[in-house]
Amino acid sequence: MGRVTERRKVIRIRDGAVSTRPDTLVAEEPLEIRLNGKPLAITMRTPGDDFALAAGFLVSEGVLASAPDLRNIVYCAGATADGSNTYNVVDVTTAPGVTVPDITLERNVYTTSSCGLCGKASLDAVRTTTRHPIAGTPPLRVTPELLSELPDRLRAAQRVFDRTGGLHAAALFDEHGELLDVREDVGRHNAVDKLVGRALQSGNLPLSRTVLMVSGRASFELAQKAVMAGIPVLAAVSAPSSLAVDLAAETGMTLVGFLRGSSMNVYAGEERIALRAAAVRA
């Protein structure tokens, strides 16, 4: 299997001084995901947790909803002309009775190109496809003080980032701010898929009492993945997209952006944020 990091020679220039040294880079390789033997998608990812990545991707596609839906995931041998195993092709086998939809754009498949579809059709597809509706989950409330601590906790858990500076991360926290799981990848959508896939494999879906914290921005694709996994709160250190805000409002998810220190913007689902009434101004 590919390594998470690789070494490359770099010419370093600092204040006019030139030197040559090895540098640690995050590895990036393609992963082809097959569903019951048929090619489904290709994503560029950091090798590692590939089975969880594939499982999480299929949760976001509405194919898998719980651990019993998944029969097996294997690397495909003979993926190259000489018959060797590249560990870059996985085949997911669903359990008997699991409905596998036609993988076409007509059914609103969301690709890892972030995002392939836009507009009202995309919002309706996610809202009607998810088998873990957020609106019906038990009440969950978090304080701004708790949210403000999550970026530092996420950053402290990024082991590979410390060596490369080139990875996105996603973490799951419980309602008390305890770290449940964290994954890193060159693509933030892959990091979320790995989290969701690990939760599915452990029988922990839906993630109805968790907060998803992501590095970078909150795109429609990340909001979609959170909704499909039943995650009620999505927080990001940067800005959300307009479509991500629309999706959060449509599905009842709480969306927080620009989470930096004690500052943050709440774009949807403010009822889950324990605000002091006197402090809220129009």
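Colleague: What should I know about the model, and how many helices and strands are in the chain?
Modeller: This is a predicted model, where local features need pLDDT of at least 70, side-chain atom pairs count only at pLDDT 80 or more, and totals for chains, interfaces and linings use all residues. Residues are numbered from 1 along each chain as its sequence is written, and side-chain values use heavy atoms, with hydrogens and water left out. Helices (H or I, at least four residues) and strands (E, at least two) are DSSP runs, numbered from the N terminus. By that rule the chain has seven helices and twelve strands.

Colleague: How do the axes of helix H1 and helix H6 cross?
Modeller: Axes are lines fitted to C-alpha atoms, for helices over the stretch in contact, and angles run from 0 to 180 degrees between N-to-C directions. For H1 (residues 50–60) and H6 (residues 220–228), the axes come within 8 Å and cross at roughly 90°. Angles under 35 degrees count as roughly parallel, over 145 as roughly antiparallel, 65 to 115 as roughly perpendicular and the rest as oblique. That makes H1 roughly perpendicular to H6.

Colleague: Which residues make that contact?
Modeller: Contact means heavy atoms within 4.5 Å. On the H6 side are Gln224, Lys225 and Met228, and on the H1 side are Phe57, Val59 and Ser60.

Colleague: Is H6 buried or exposed?
Modeller: Buried means under 20% relative accessible area, exposed over 50%, and partly exposed in between (1.4 Å probe, protein chains only). Nine of the nine residues of H6 are buried, so H6 is largely enclosed by the rest of the structure. The answer is buried.

Colleague: Which residues line the largest cavity?
Modeller: On a 1 Å grid over the protein atoms alone, a cavity is a set of points where a 1.4 Å probe fits but cannot get out, and lining residues have an atom within 4 Å of a point. A search of the whole structure finds one cavity of 30 Å³ or more. The lining is Val59, Gly62, Leu64, Ala65, Thr129, Thr130, Arg131, His132 and Met228.

Colleague: Where is glycine 37 found, and how far is aspartate 91 from glycine 37 in space?
Modeller: Glycine 37 sits in the loop between strand S3 (29–35) and strand S4 (38–45). With a relative accessible area of 43%, glycine 37 is partly exposed. Glycine 37 and aspartate 91 are 54 residues apart in sequence, and their C-alpha to C-alpha distance is 6.1 Å.

Technical notes
On a 1 Å grid over the protein atoms alone, a cavity is a set of points where a 1.4 Å probe fits but cannot get out, and a pocket is an open set with protein on both sides within 12 Å along at least five of seven lines; lining residues have an atom within 4 Å of a point. Grid points are joined across faces, edges and corners, and a volume is the space filled by probe spheres set on the points.
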